[in-house]
Amino acid sequence: MADSVLYDVNDGLATITINRPEAMNAMNVDAKVALRDAVQAAAADPAVRAVLLTATGKAFCVGQDLKEHVSLLAADRESGSGGTMSTVREHYNPIVRALTGMQKPVVAGVNGVAAGAGLGFALAADYRVVADTAKFTTSFAGVALTADSGVSWTLPRLIGQSRAADLLLFPRSFSAQEAHEWGIANKLVPADELAGQAAAVARALADGPTLAYAALKESMAYGADRSLSEALDKEEELQAKAGASEDHAIAVQAFLAKETPKYLGR
């Protein structure tokens, strides 16, 4: 992985750290490629049972690196290629698909500003631990762009269609406290405790019943736009698989023995 994104796996927990603090963790091409590759590597690695996505410095991610973007747009005009916006297809979409679709839980440790695509990455996680000093920004229309990185899908589902429309049509920043009240931040913590508490949440998930978490992710995503009857059928299918897992047997035995289960992730 490039230095712009750090990747580490320790005892089932993959930590992916966006590492361009001098640029507020803005996404240039190198960083987008590195983040895409890191997220896809975590998704594909059977040794990884949970993922922590976080960042260095004062920002989580402010989205597209506009300095690089301007130069790429100028090159597009000269060549007539129009290739700059293919970054959505080549980078942002694969990142969000991997975060939302991987068969393991993803925790976002939001240490600072999350704007544009950075907001999208945070919303694509399954659980968000947010520093009380963090801010979120729906910046797309402010630079005459539409939403990407899944924001048009994730934001309305988290906070409602009306509030999402307000934030996207009239882009502004909103606080960590607002994010917590609206259901975006699952856990709000003092800024100096963010790293430790986000890691603790991710560690607890890495030590938990991985297949059950994967099934929960799948069933919630499936049920988001299906009927109750379809959701019940999906639950039946997934519960049969979970019930046949080693982790379920371990959990039942531990419950009867009044012991703490030690899951294997299978």
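A salt bridge is a side-chain nitrogen of Lys or Arg within 4 Å of a carboxyl oxygen of Asp or Glu. Glu90 and Arg89 form such a pair, with their closest N and O atoms 3.7 Å apart. The model is predicted. By the salt-bridge rule, the count comes to 13.

**Salt bridges**

- Arg20 forms a salt bridge with Glu22, and the closest N and O atoms are 4.0 Å apart.
- Arg20 has a relative accessible area of 12%, which is under the 20% cut-off, so Arg20 is buried.
- Glu22 has a relative accessible area of 64%, over the 50% cut-off, and therefore counts as exposed.
- Glu218 forms a salt bridge with Lys234, where the closest N and O atoms are 3.3 Å apart.
- Because Glu218 lies in helix H9 and Lys234 in helix H10 (residues 228-243), this pair ties together parts that are 16 residues apart in sequence.
- Glu218 is partly exposed at 29% relative accessibility, while Lys234 is buried at 13%.
- Salt bridges link Glu218, Lys234, Glu237 and Lys241 in a network.

**Open sheet with S4, S6, S8 and S9**

- Four strands, in the order S4-S6-S8-S9, make up an open sheet with mixed pairing.
- Strand S4 (59-61) and strand S9 (173-175) are the edge strands, each pairing on one side only.
- From one strand to the next, the twist averages 20°.
- S4 and strand S6 (residues 113-115) run parallel and are joined by two bridges.
- Cys61 has Ala114 in S6 as its bridge partner.

**Strand S7 and its partners**

- Strand S7 (residues 127-131) has four of its five residues buried, so S7 is largely enclosed by the rest of the structure.
- Strand S5 (residues 106-110) runs parallel to S7, with four bridges between them.
- Val110 has Val130 in S7 as its bridge partner.
- S7 also runs parallel to strand S10 (residues 187-189), and three bridges join these two strands.
- The bridge partner of Ala131 in S10 is Val189.

**Met220 in helix H9**

- Met220 belongs to helix H9 (residues 210-223).
- Met220 counts as exposed because its relative accessibility is 59%, over the 50% cut-off.
- Met220 and Val96 are 124 residues apart along the chain, and their C-alpha atoms are separated by 16 Å.

Terms used:
Residues numbered from 1 in each chain as written. Predicted model: local features only at pLDDT ≥ 70, side-chain atom pairs only at ≥ 80, totals over all residues. Heavy atoms only, no water. Buried < 20%, exposed > 50% of the residue type's maximum accessible area, 1.4 Å probe, protein only. Pairing = 2+ DSSP bridges. Axes fitted to C-alpha atoms, helices over the stretch in contact; angles between N-to-C directions.
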